[in-house]
Amino acid sequence: MVQKFQSPVRVYKYPFELVMKAYERRFPTCPQMPIVLDCQIIKDESLENGSKRNTSRRCKLSVDVPYIFKKLIGVDHVFFVQHNYLDMTNRTLCIEAVNESFSSRIEIFERCRYYAHPDNSGWTCFDQTATLDIKNFFGFEHSMEKMGMKQYTQTTLKGKEIIEFFINQLREEGITHVERWTLPANAPKSPILDLAPSQNNIFLDGDFIAQSLGKLSPMQESKLLELRKMLDGVDDLERVPSYQTILRFLAARDWHVTQAFTMLCDSIRWRREHRIDYLLKEYSKPAVVKEHFPGDWHHHDKEGRPIYILRLGHMDVKGLLKSLGMEGLLRLALHICEEGIQKISISAERLEKPVLNWSLLVDLEGLSMRHLWRPGIKALLYIIETVERNYPETMGRVLVVQAPRVFPIAWTIVSTFIDEHTRSKFLFYGPDNVHMKEGLSQYLNEDMVPDFLGGPCKTMIHDGGLVPKTLYKMNSLEEHDVETADKISPINSSGVLASVTSHDPRNVYKTVELKAGFSHELLIRNEDPKSVLTWDFDVVRNELHFTLYRVTEVLPEKNDSAVSFFDLTQFIEGVNYFKEEPTLICRHTESVQGSHVMHHNDSYIMQWFSPSGAQLNFFYEVLSSVNYKGSMTSLQSAFSSNSSTATSIQS
């Protein structure tokens, strides 16, 4: 396989003639390149009244490979032939080099150019390309390929350093200016080439990389330029993505150019289909977001990254999803991402240094099992998948603060679907204020710590709270939304989410009309000790009494819903059934979420009793114990009993 390399443009802020004088001093050897043992001129000719000079050299290089390779190939040095084509009229030097040794087994070709900067005649540009084709090398083709890449990287890094060294040497000798070459009197003029960059040329210089993209290796620079050139072949491309965007997609695919190209092209099509480029202009936050979404931007961290704060524990996930729908919530998330890209650019310009991503601070105060409401989890996974596919590497760091002991359960579910590299950016802090402040001080200036974390900086973030049901939209969880979530909800080989109790996705919540004095009971037969039963229900008209029981004997199937299991004569509390949760009185319009760890291999009964007649809207599911290995101790110690039942969002 042929390996191709291409460097960005390096800019020397010196005239071409001075750079050429420095360049000549690197021959026959120079201390910065000890690998070059000698260079002998084998051809040197002057043409067109001295305006052109063609020079060929045979260069002897030491073999910088392990001893075993030297023994294998039987040589300590190899030879390359270099051809230089200097044009003083057009102020260009083209260099071509090929290997003479082992040319039947390895083909190495390198082309370099020095030329006057197209926009500043007092500066000089340099670029280089190279190809490496190892056809057959004693079975060590892959090893030689790796060593070739390493050698290319080293010589590329040395190139600019060498020219700067000899320019400083000339300066010490009093030479700071070299006159431009002029044509002798009465000599015929040579044609002057138009070297101005065409519209299709890609001018990526090293200074831009250092100032806007950060430190990249020569191989990474080469791949960046390769991917940028591939985009020129994309049809109907309305505008070329920025180098920052190209860099993010490359990093997301571990610098595999072809994979990054496919991912980027898919994202470009997605942006066009969904008008993402117009989102910042066209999107208007709904009233429910303005009044009940607990998130907003908040200054910058110590590295200049914009910070977004999300008080997730204060978020009414169910209320927002029922008010906005799946696509509405996704649109909000995409708007935040687009704002983030814009703020990253502003921050980089203000600080005059590379800023490529933003930081997220997630406050989990108030987090409970109600946040694991299944449609909410599916919506979150849908958003995560969409964002990771189209905004890779935009998240620099995630600071998770005030994480309660119940948090490992939520993290176990969600983290499975977050890219491993992204997961490594998460930092967690519990409710211990001392340790949290010490941790935050590493990333935030003291005057930027938000007031709700004990800092001096006031935020403009809404406290969240319950979304009034008057803002719920009819069929806000539309069939399309739920089907979409069902399609993208991943089920992986480790079984995460695989054992969730099945429900009809078209009817997530069930409604029951209860007459006065009657009960509604659900029987859950548990065969998975330490699995977690979660529930979410609304009460309409009058009150309901909710209780959770555990039954130690096999119960018969009920044919009549009006008959209670507890009407059976052999049922004795404390003998064959036990009250696992104290009875909770739930009043009209209340929304109740909770969970219980089912330790026993028994049956569990969820009972709602209606003293005066009421309507019950409910949803429940069983979360497999396989998801919580190593987390159960934390879960149980978070509460005085084994459950978490909440009737309101903590503020």
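# Briefing: pockets, cores and confidence

α10 (317-351) supplies the largest share of the lining of the second largest pocket, seven residues. The model is predicted; local features require pLDDT of at least 70 and side-chain atom pairs pLDDT 80 or more, while totals for chains, interfaces and linings use all residues. Residues are numbered from 1 along each chain as its sequence is written, and side-chain values use heavy atoms, without hydrogens and water.

**Second largest pocket**

- The second largest pocket holds about 850 Å³ of space (a pocket is an open set of points on a 1 Å grid over the protein atoms alone, where a 1.4 Å probe fits, with protein on both sides within 12 Å along at least five of seven lines; lining residues have an atom within 4 Å of a point).
- Its lining comprises 34 residues, and R239, S242, T245, R271 and I341 lie nearest the centre.
- At least two lining residues come from each of α4 (206-213), α6, α7 (257-273) and α10 (helices are DSSP runs of H or I with at least four residues, strands runs of E with at least two, numbered from the N terminus).
- By class, this lining has 14 nonpolar, 10 polar and 10 charged residues (Ala, Val, Leu, Ile, Met, Phe, Trp, Tyr, Cys and Pro count as nonpolar, Asp, Glu, Lys and Arg as charged, and the others, Gly among them, as polar).

**Largest pocket**

- The largest pocket contains about 1,300 Å³ of space (a volume is the space filled by probe spheres set on the grid points, which are joined across faces, edges and corners).
- Of its 50 lining residues, L360, L380, I383, I384 and I418 are the closest to the centre.
- α11 gives the most to this lining, with 10 residues; the elements that each supply at least two residues include α6 (243-252), β10 and α13 (420-423).
- The lining divides into 38 nonpolar, five polar and seven charged residues.

**Nonpolar cores**

- In the largest nonpolar core, of 55 residues, F293, Y308 and V400 touch the most other members (a core is a set of buried Ala, Val, Leu, Ile, Met, Phe, Trp, Tyr and Cys residues joined through side-chain atoms within 4.5 Å).
- Elements giving two or more residues to this core include α9 (287-292), β12 (395-401) and β21 (614-623), and α10 provides the largest share, 14 residues.
- Leaving aside residues up to four places away in sequence, V400 touches V362, L364, F407, F426, L427, F428 and Y429 (contact means heavy atoms within 4.5 Å).

**Backbone geometry**

- The peptide bond joining F27 and P28 is cis, with omega about 0 degrees; P28 is placed in the loop between α1 (16-24) and β3 (36-47).
- R91, in the loop between β5 (77-87) and β6 (92-99), has a positive phi of about 55 degrees although it is not a glycine. R91 counts as buried, at 7% relative accessibility (buried is under 20% relative accessible area, exposed over 50%, partly exposed in between, with a 1.4 Å probe and protein chains only).
- K530 also has a positive phi, near 75 degrees, and is found in the loop between β15 (518-525) and β16 (531-540). K530 is partly exposed, with a relative accessible area of 43%.

**Confidence**

- The protein has an average pLDDT of 82, and 82% of the residues score at least 70 (pLDDT is the predictor's confidence in each residue, from 0 to 100).
- Confidence is highest in β10, at 97, and lowest in helix α16 (residues 632-637), at a mean of 32.
- pLDDT stays under 50 over residues 478-507, with 53 contacts beyond four places in sequence, and over residues 628-651, with 62 such contacts.
- Where pLDDT is low, the predicted coordinates should not be read in detail.
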